[in-house]
Amino acid sequence: MLQFGNLLAHFHLPHKAYERAQKQNLKQLPTLPDFLQHVVKLTGLRKEDVYCNLRVPDQLQTAKDDINMVVLTGHGIYCMDVKPWSGTVCAHNQNWHVEVKEEDQNFTNTRIEQVEDPLKAVMRKTAQLCSHLKRSGVPIRSSLFFPRVMFLSPDCKLDEELMKRRELVPYGQTDEFLRSFREGYMGWISDALTPSWISGHLSYRKMESVRGILRKMGTWDVVLLHGGEQLKGDYQGCQYIALDRQDTETLEFSRVNILSAESLWALLGHVPQVKVKMYKRGPHGWLGTSLNATATIPSNTFVIFRVNGEEADAKIPANIIHSITLSI
């Protein structure tokens, strides 16, 4: 049975055992939203040019691999995956090896974990994004796409061969890499006056077209529990709730109060009810988000949700859910 508290990883890790081994280190690292704020601060980019957890469809429109961060600049599109790994990392055949040291009071255990090559993965997803933009009517040269893998932990050491790869950004070079995005006043004037076919950069018109497509790309659905925990994945449905994903952005669940009349009725065999408010997708007005529909469901109803990285659906009781945010 899925334990919700163990599913709240900051980033998607390729191996469950490795994820558990580094649980303590994960707690000391920034979450992706925190790192996003750091990126915006150091790069000087606008928030609308930095996108998180974009899910890129392949040519068959089926598989949807997510890219942790996509950064749009006049010089090109940076597709970046972020890794919170700790240990010594080296490439080995088709995979990578991470040497992890586990220290106890009496001994030190060294274990080697085999993980998927993150560089090949981000290069594949970058190529899929390039193809997706082309299918959407915005063709961009592949040379203007830059795949990168960033390592956030100071305890992560890349071996000598990996350090030579410009696509890999170790912890010690992270801030320097982000500052390289800053564009001076003269560079801004030059791009404004020089045609894109001469400069080789993306034109303002092309960048706006790319923004329009990136804004429409889905991310993950997010379940917020009453305890404050979040689950990221795909909302599969609920037997008592009918909705149109294109028209509904948020589902808000009422909470069953322990001392309420509903809970007292439960002692007599009556099942407490949960009220679900569904809010429309789109910009918020002066009075907040528009209410789309409501539903009243038994509190013991299960919401079916496929948590990111899991192979089976989770059944989440409605009475522990605060809200569900649906991606496009």
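Q: Is Arg55 buried or exposed?
A: This is a predicted model: local features need pLDDT of at least 70, side-chain atom pairs count only at pLDDT 80 or more, and totals for chains, interfaces and linings use all residues. Residues are numbered from 1 along each chain as its sequence is written, and side-chain values use heavy atoms, with hydrogens and water left out. Buried means under 20% relative accessible area, exposed over 50%, and partly exposed in between (1.4 Å probe, protein chains only). Arg55 has 13% relative accessibility, so the residue counts as buried.

Q: Which residue forms a salt bridge with Arg55?
A: A salt bridge needs a side-chain nitrogen of Lys or Arg within 4 Å of a carboxyl oxygen of Asp or Glu. For Arg55, the closest N and O atoms are 2.6 Å apart, and the partner is Asp234.

Q: How many residues apart in sequence are the parts tied together by Arg55 and Asp234?
A: Strands are DSSP runs (E, at least two residues), numbered from the N terminus. Arg55 lies in strand β1 (residues 50-57) and Asp234 in strand β11 (residues 230-237). The pair therefore ties together parts separated by 179 residues.

Q: Which strands stand at the edges of the open sheet of 8 strands?
A: Strands pair if DSSP finds at least two bridges between them. The order is β14-β13-β12-β17-β10-β11-β15-β16, with antiparallel pairing. Each edge strand has a single partner, so one side is left without a neighbour in the sheet: these are β14 (291-298) and β16 (314-317).

Notes:
Helix = DSSP H or I, 4+ residues; strand = E, 2+ residues; numbered from the N terminus.
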